[in-house]
Amino acid sequence: MKHLAPTFCFVKAISNSHFASKKNSNKGTFGHVAIVQGAKEGAARLAGMGAFHFGAGLVTLLGEKPKKLPIYLMHSDTLPKNANVIVAGMGLEMPFDDAALKTLLLSNTLPLVIDASLSHHPLINDIIASKKPVVLTPHPKEFSAILELTCKEKISVEMIQANRFKHAKHFSLAFPHVVLVLKGANTIIAHKGELFINTYGTPSLAKGGSGDVMSGMIGALLAQGYTPKDAAISASLAHALVSRKFTCNNFALTPMDICKGLKWL
């Protein structure tokens with residue numbers, strides 16, 4: 001197990017980005033994140049804000065046109081041809097069009113960031129079986145559902161919390177092409193049996209929408225060319241460091257504050 005060190009894992013990863021220092025660049029250079037919008041459209045909007053504030057050049061929400069959208073986020077009914085990554089799961093209300101979503105996610109070679117409702121849906125089996133690069137970002141209850149669907153193991157949230165390292169490592173060995181981000185106190189990033197422990201999070205992140213922002217942040221780094229493991233590590237650490245730098249009452253931190261705080265890391 002490795003503990004994340006801000007001065008090494010995050011600062012080094014971001015400052016050495018093979019895109020950020022290019023002078024001859026445009027918005028396409030920094031990648032295009034496509035985010036699947038569900039019935040709870042605010043979740044996709046937060047993910048889009050996280051992606052844009054963490055360096056993505058373009059961000060498009062897919063689905064019905066939202067009622068309100070920040071001017072820097074785009075909307076489309078179909079997957080943009082120049083998309084580099086798809087982020088999905090947040091804000092999806094079941095039932096949804098399973099066949100259409102499966103086609104959207106799996107009829108291409110784009111890496112995926114999968115969160116929230118998709119953790120509870122049998123489509124997770126098809127996603128993992130596709131062998132596409134995938135980052136899963138569940139909290140313990142969602143991870144319990146994933147384990148039951150993919151490994152046929154009924155493991156309660158209490159059992160997961162009592163032995164988080166064991167279950168994260170077991171899952172990462174079973175599916176070596178998947179990066180697991182098991183959220184919670186001391187978030188675990190697991191890949192091929194290797195565990196990275198983020199000890200820098202704070203209770204202020206225990207707010208609805210915080211995880212949506214982080215999923216968008218991971219998508220932003222994937223769109224910019226980071227490997228799934230490095231994208232998950234750097235986004236998780238940046239997410240936590242923003243919460244530590246927040247100087248107001250810790251209960252007042254909002255997802256929008258996380259996005260704004262990314263500017264000052």
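Reader: What is the volume of the largest pocket, and which residues are closest to its centre?

Author: The largest pocket has a volume of about 680 Å³. Of its 31 lining residues, Lys183, Gly184, Leu205, Ala206 and Gly211 are the closest to its centre. This is a predicted model, in which local features need pLDDT of at least 70 and side-chain atom pairs count only at pLDDT 80 or more, while totals for chains, interfaces and linings use all residues. Residues are numbered from 1 along each chain as its sequence is written, and side-chain values use heavy atoms, without hydrogens or water.

Reader: What makes a set of grid points a pocket, and not a cavity?

Author: On a 1 Å grid over the protein atoms alone, a pocket is an open set with protein on both sides within 12 Å along at least five of seven lines, whereas in a cavity a 1.4 Å probe fits but cannot get out; lining residues have an atom within 4 Å of a point. Points are joined across faces, edges and corners, and the volume is the space filled by probe spheres set on them.

Reader: Which helix gives the most to the lining of the largest pocket?

Author: Helix 8 does, with four residues. A helix here is a DSSP run of H or I with at least four residues, and a strand is a run of E with at least two, both numbered from the N terminus.

Reader: How do you know that the span of helix 9 agrees with its 18 residues?

Author: The expected span is 1.5 Å times one less than the number of residues. For helix 9 that comes to 26 Å, and its end C-alpha atoms are 26 Å apart, so the two agree.

Reader: Why does methionine 1 count as exposed?

Author: Its relative accessibility is 63%, so methionine 1 falls in the exposed class. Methionine 1 lies in the segment before strand 1 (2-3). Leaving aside neighbours within four places in sequence, it is in contact (heavy atoms within 4.5 Å) with Phe165, Leu195 and Ile197.

Reader: What do the buried residues of helix 2 pack against?

Author: They pack against strand 2 (32-36), strand 3 (58-62), helix 8 (210-223) and helix 10 (255-261). Among the buried residues of helix 2 are Glu41, Leu46 and Met49.

Notes. Buried < 20%, exposed > 50% of the residue type's maximum accessible area, 1.4 Å probe, protein only.
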